[in-house]
Structure formats: structure tokens, C-alpha cells
Amino acid sequence: MNNKTMYTIERLEEDVGLIFKKCGVIDDAAEAIARVISAGERDGCKSHGIYRIEGCLRVLQAGKVSPQAVPEIEAGDGPMVKVDAKGGFASLAYEKGVPLLIERAQTHGLAALVINDCLHFSALWYEVEDIASRGLVALSMCPSYAVMAPWGGKQPLLGTNPFAFAWPRKGVDPYVFDFATTVAARGEIELHRREGRPLPEGWAVDNAGQPTTDPDAALAGAMLPFGQHKGSAIATMIELLAGPMLGDFTSQEALDFMHGDTSLLPRHGALVLAFDPQVFSHGRHRDPMAGGEQLLQGIVNQGARLPSQRRYKARREAVSEGIKLSEEEVALLERLKSK
Ligand code: NDP
Ligand code: PYC
């Protein structure tokens, strides 16, 4: 890429927050969105960084997300914390619900954060890493849009349904993985299209069900699950757990709600689970953290890298040198700020 401009994380957060505030999004929500988008850029996760801003703005313009929504929490004394996002962005709903989720997991061993009716556009590692950095194990999942064919089928039905897991570690970054259940996130296909690059084989079929490496044909056709029938089943599980089980949309319903327009972003529910390993292992006289460490060390000792290692490295570089943005990205921020 061409010349780069360095941004501090604070400057990027401020700019992104300002863009959303100018579009009528309440301050708390705009700032929560800015944190997650800027963290994506900081960690080199381009498919869920500033590239997502225009998608969010299109949904605002289409009137399909509520800029003034204030999430409402409903939590008795039990392990379930429910947040009704009221049709607003998921980031604020997550931030509002997570302190109670942590408290309940520490009390009950396991707790669930149920977010209903939210516009979810972000990477899930942000949530599970946040929970693991407070000493808990976390799982997060949500549907998206019906853009993926089930294994053996040809028509879009399931979403790109992301799934993330985090395990806390003492003195080092948590173990985190986070992936779409399609071969790659849809954002990756869109980035290939923008850059005029063909897709790797096996990512998608065209609208006649034939394999394609053309990003446009892939976007008009169907994406494919990772791991064939296995990814297809995991994506189905995510639909069931974070859709119908929460009384919320499946990926097909989320797409219908947007009148089939995948240039917008999906609105649906999300499920985040937190586990306290100290409660689960109580009475066993074995330190769960030490046991986890032994396993992770065994992986590293084979020369394998842990998931998120690339991301943490990108973060360290961004913290010391700044976040590098291209001329086009800077121009985009400036244009949106001055609107
Ligand atoms: P990737 O395939 O880029 O990465 C998946 C995971 O595997 C990451 O944790 C990554 O760590 C790790 N990984 C990659 N290569 C290796 C390796 N060689 N060895 C060990 N671990 C490795 O992710 P996807 O394209 O599937 O998804 C990208 C993002 O899209 C996710 O953050 C997801 O949450 C988001 N998404 C969000 C949706 C939504 O509705 N909100 C929908 C779909 C996706 P590392 O980052 O360090 O490379
Ligand atoms: O990259 O597939 C994706 C995606 C959908 C919604 C947010 N990200």
C-alpha cells in the first residue's frame, strides 16, 4: 500500500466516535462502537476495523438500527443476565451487561449474557478477551445473515456465525480463538473484491451452485462452511443457541428484516457465556490455571502458534508505533467526520 499515517488508539477512537455521534448515535453507544472498531484496527483485524463504519452508517440511513436506543437490563438473582438492546448497536448492550455477567459467573460458576435485538457488526474476540482478562473463561456466538449454504446444499441459509473462546492465563495474554464458521468472514470476501483479488478456492459457490473464486460471484452466490459438514453443524448450533433459543432471529430472518440487503449489517441476538474455573474445579485440589498452562505450553513446544498470537503482536506494534492507516483510510475518516 501507499503512504501511511500513524494514529494513536485514542485519536482513532475519538474520530470514529465523532463520526457516529454526528449521525445521531447517543454518546455512550458511539464511544462503545469506537472502542471495538479501533481495537480491530489496532490488532490488525481489517475485516472488522474502520472498514465496518460505512456498513453501520448505511444501516442507520436505512432506519434499521436505533441510534437513540438505551439498552435495558433484566436480571434477577440467577445466572442469566438479559439485555434488550432495543434495536441499537450491540457494543453498548455488551458493555452494560458484562459487569453483571462476571458477578453472576463468580457466584454460580456459569452465567449467560443474552443480548436481544441488537445490530452486531464486530469481532467477537473483543468480548471474550475482555472477560478472560478478568479471570473467567468465555464463549461468545451469534448468527449473522443467511449467506452460507449448509454442507451438501447450494442455497444460502446459515450465517457466517462467528464463534469465540477465551481462557485466562496468569501474566500473559489470554488464549483466544475467534472465527467465522464460513471458510472466511464475509468481510474478507468484500476486502478481496475491493482490492480486485481472486478468492482462494473453496470459499464460495456462485448462484448456480458452482465453485467460484470471483468475489462478486461469491457475494451473489453462497459462502461455504469451514470443515465441510463439521462447520455446517457448528454454524447450525450457533443459529439454534443464539437465535430461536433466545427468542430471536435466525440468519434468514435477520436477512429478511433487512429486505435481503447484505450491504447493510445484521440485526439479531447474541449469546455470551462466562465460566469461573475456580468454581468448576472446587474441591479437586488441582489448579485449573496450571493445568491449562501445561496444555498450552505443549502446543507452543511443538513450534505451533497459538491463535491470537498474530493479533497480540500487531497490538504491541500499534501501541509502540501507532496504528498505520492508508491514504484511502485517512480520507474516509476525514470525509465521514466532515459530513
Ligand atoms: P481468521 O480465519 O482470520 O482467524 C480465525 C482464528 O484462527 C483467529 O483466532 C486467528 O488468530 C487464528 N489463527 C489463524 N491462523 C492460525 C494459525 N496458523 N495457527 C493458530 N491460529 C491461527 O478469522 P475469520 O476470517 O474466520 O473471522 C474474522 C473475524 O470476523 C472474527 O473476529 C469474527 O468474530 C468476525 N465475524 C463477525 C461476525 C459478526 O456477525 N459479528 C460474523 C462473522 C465473522 P490471529 O487473529 O492471531 O491470526
Ligand atoms: O464478516 O461475516 C462477516 C460479518 C457479518 C456481520 C459482521 N461481520
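A: By class, the shell around ligand 2 is made of three nonpolar, three polar and two charged residues. This is a predicted model, and the values that follow are computed from it. The residues that surround ligand 2 are His48, Arg52, Phe121, Thr160, Ala185, Arg186, Gly187 and Pro266.

In the side chain of Arg52, an N or O atom is 3.0 Å from an oxygen atom of ligand 2. On its own, ligand 2 has 250 Å² of accessible area, and the protein covers 91% of that.

His48, one of the residues around ligand 2, also has a polar side-chain atom 3.4 Å from an oxygen atom of ligand 1. Ligand 1 has 930 Å² of accessible area on its own, of which the protein covers 74%. The elements that give two or more residues to the shell of ligand 1 are strand β7 (175–179) and helix α12 (309–321).

In total, 22 residues surround ligand 1, and the closest are Ser122, Asp178, Ala180, Ser308 and Arg310. By class, this shell divides into 11 nonpolar, seven polar and four charged residues.

The domain assignment puts this site in context. It gives domain 1 as 1–61 + 308–339 and domain 2 as 69–182 + 225–306. Both domains give residues to the shell around ligand 1, so ligand 1 lies between them. The C-alpha centres of domain 1 and domain 2 are 23 Å apart. Across the boundary, 29 residues of domain 1 are in contact with 23 residues of domain 2.

Helix α3 spans residues 53–61, and its buried residues are Ile53, Gly55, Cys56, Leu57, Val59 and Leu60. An α-helix has 3.6 residues a turn, so residues three or four places apart point the same way. The cover over the buried residues of α3 includes helices α1 (9–22), α2 (27–42) and α13 (327–337), together with strand β4 (110–119). Just after α3, Gly63 takes a positive phi of about 70°.

Pro79 is in the loop between β2 (72–74) and β3 (80–84). Leaving aside residues up to four places away in sequence, Pro79 touches Arg104, His108, Leu110, Ala111 and Ala112. Even with these contacts, Pro79 is partly exposed, with a relative accessible area of 40%. The C-alpha atoms of Pro79 and Leu273 are separated by 9.9 Å, although the two residues are 194 residues apart along the chain.

Technical notes: Residues are numbered from 1 along each chain as its sequence is written. Chains are lettered from A and ligands numbered from 1 in the order in which they are written. This is a predicted model: local features need pLDDT of at least 70, side-chain atom pairs count only at pLDDT 80 or more; totals for chains, interfaces and linings use all residues. Side-chain values use heavy atoms; hydrogens and water are left out. Helices (H or I, at least four residues) and strands (E, at least two) are DSSP runs, numbered from the N terminus. Buried means under 20% relative accessible area, exposed over 50%, partly exposed in between (1.4 Å probe, protein chains only). Contact means heavy atoms within 4.5 Å. A residue is near a molecule or strand if one of its heavy atoms lies within 4 Å of it. A polar contact is a pair of N or O atoms within 3.5 Å; within protein, one must be able to donate a hydrogen and the other to accept it, and residues adjacent in sequence count only if both atoms are side-chain atoms. Accessible areas come from the Shrake-Rupley method with a 1.4 Å probe; for residues, only the protein chains shown count as cover. Ala, Val, Leu, Ile, Met, Phe, Trp, Tyr, Cys and Pro count as nonpolar, Asp, Glu, Lys and Arg as charged, and the others, Gly among them, as polar. Domain bounds come from an automatic or database domain assignment.
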